[in-house]
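Take a look at the protein chain shown here. This report walks through a few of its local features, one group at a time.

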Amino acid sequence: MASSAAQYGKDPLELEISRDHLTAYLHVRQGAAPTIDDVLKLLENEKIAYGVKNREKIRIFLENLDLYDNTLIVATGKPFTQGEDAEIIFEFETDTRGASEDDLANLQRIDFKKVGNVPSVRRGAVIARKKPATQGEEGFTVLGQRLPGEWGMDISLRAGANVSVSPNGLEFVAEIDGAPIVSKGMIRVDPIYIVEGDVDYSSGNIDFTGTVAVKGSILDGFEVA
């Protein structure tokens, strides 16, 4: 902490400023009897310009020095804040087979023929949106210096095959009917959904906008639409 001292006649005062310049402490030496104007003059000389206590609070302090142990936080700055991180919002339902066991346990009834539905999108649909990072609020030191707000963390998503990006870079649009796939920071739309095995309880019914290729069999009671 940095400190500076000033003495007006028989009324010694000391001003202490924290290292981050967000707090100013006023110390009144034992036995001194400064006036409000003495305090304000010291603050003016030391260029304390933000968050200064009003005259009434200074008066109460000076009249009750013992209660405050002869020290008052006479000015308080405003810390800067951090903004929100960027976020990618996907506008399609993901495969519910990825739901946690706890989520599934909360369901009163589960139709295992339906939990395998494949997410699909239509041409022209917005399939993902980016919510940009924001900058936090600025702060001020007790000296009146501005402290810029901190930006939140950014995140990027690239457009892959069959996906276009809006001019502002915040919306990702499907160029074909198909399955939206997100992988390694990229989003694409595949025209064909491939089922490596059978359409059964492990896959569920296949409800897909584009073309479905089944390498195995479609068991009785299951559908591909």
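## Salt bridges

Asp-190 has a relative accessibility of 21%, so Asp-190 counts as partly exposed. The terms are simple: buried means under 20% relative accessible area, exposed means over 50%, and partly exposed lies in between (1.4 Å probe, protein chains only). This is a predicted model, in which local features need pLDDT of at least 70 and side-chain atom pairs count only at pLDDT 80 or more, while totals for chains, interfaces and linings use all residues. Residues are numbered from 1 along each chain as its sequence is written, and side-chain values use heavy atoms, with hydrogens and water left out.

Which residue forms a salt bridge with Asp-190? The partner is Arg-188. Arg-188 is partly exposed too, with a relative accessible area of 29%. A salt bridge here is a side-chain nitrogen of Lys or Arg within 4 Å of a carboxyl oxygen of Asp or Glu. Side chains of opposite charge can pair when their charged atoms come close. By this rule, the count for the structure is eleven salt bridges.

| Asp-190 | Arg-188 | 2.9 Å |

The Asp-37 pair links distant parts of the chain: Asp-37 sits in helix α1 and Arg-55 in helix α2, 18 residues apart. Helices (H or I, at least four residues) and strands (E, at least two) are DSSP runs, numbered from the N terminus. Arg-55 is partly exposed, at 46% relative accessibility.

The Asp-154 pair also links distant parts of the chain. Asp-154 lies in the loop between β8 (146–147) and β9 (158–159), and Lys-130 lies in strand β6 (residues 126–131). They are 24 residues apart. Asp-154 is exposed, at 56% relative accessibility.

Salt bridges can also join up. Glu-56, Arg-59 and Glu-63 are linked in a network of them.

## Aromatic pairs

How many aromatic pairs does a search of the whole structure find? The answer is three. Rings of Phe, Tyr and Trp (its six-membered ring) pair if their centres lie within 6.5 Å; planes under 30 degrees apart count as stacked, over 60 as edge-to-face and the rest as tilted.

Tyr-50 and Phe-140 make a stacked pair, with 5.0 Å from centre to centre and 15 degrees between the planes. Tyr-50 is in the loop between α1 (36–45) and α2 (55–63), while Phe-140 is in strand β7 (residues 139–140), so the pair ties together parts that are 90 residues apart in sequence. Tyr-50 is partly exposed at 28% relative accessibility, whereas Phe-140 is buried with a relative accessible area of 16%.

Phe-90 and Phe-92 form another pair. Their ring centres are 5.8 Å apart and their planes stand at 55 degrees, so this pair is tilted. Phe-90 is partly exposed, with a relative accessible area of 35%. Phe-92 is buried, at 15% relative accessibility.

## A three-stranded sheet

Three strands form an open sheet in the order β9-β13-β12, with mixed pairing. Two strands pair if DSSP finds at least two bridges between them. Strands β9 and β12 (179–183) stand at the edges with a single partner strand each, so one side of each is left without a neighbour in the sheet. Two bridges join β9 to strand β13 (residues 186–190), and these strands run parallel. One detail: Ala-159 has Ile-187 in β13 as its bridge partner.

## Around Val-163

Is Val-163 buried or exposed? Val-163 is buried, with a relative accessible area of 8%. Val-163 belongs to strand β10 (residues 163–165). Contact means heavy atoms within 4.5 Å. Not counting residues up to four places away in sequence, Val-163 touches Ile-127, Phe-172, Val-173, Glu-175, Ile-187, Arg-188 and Val-189. Val-163 and Glu-175 are twelve residues apart along the chain, and their C-alpha atoms are separated by 5.5 Å.

Gly-169 lies in the loop between β10 and β11 (171–174). Gly-169 is partly exposed, at 29% relative accessibility.
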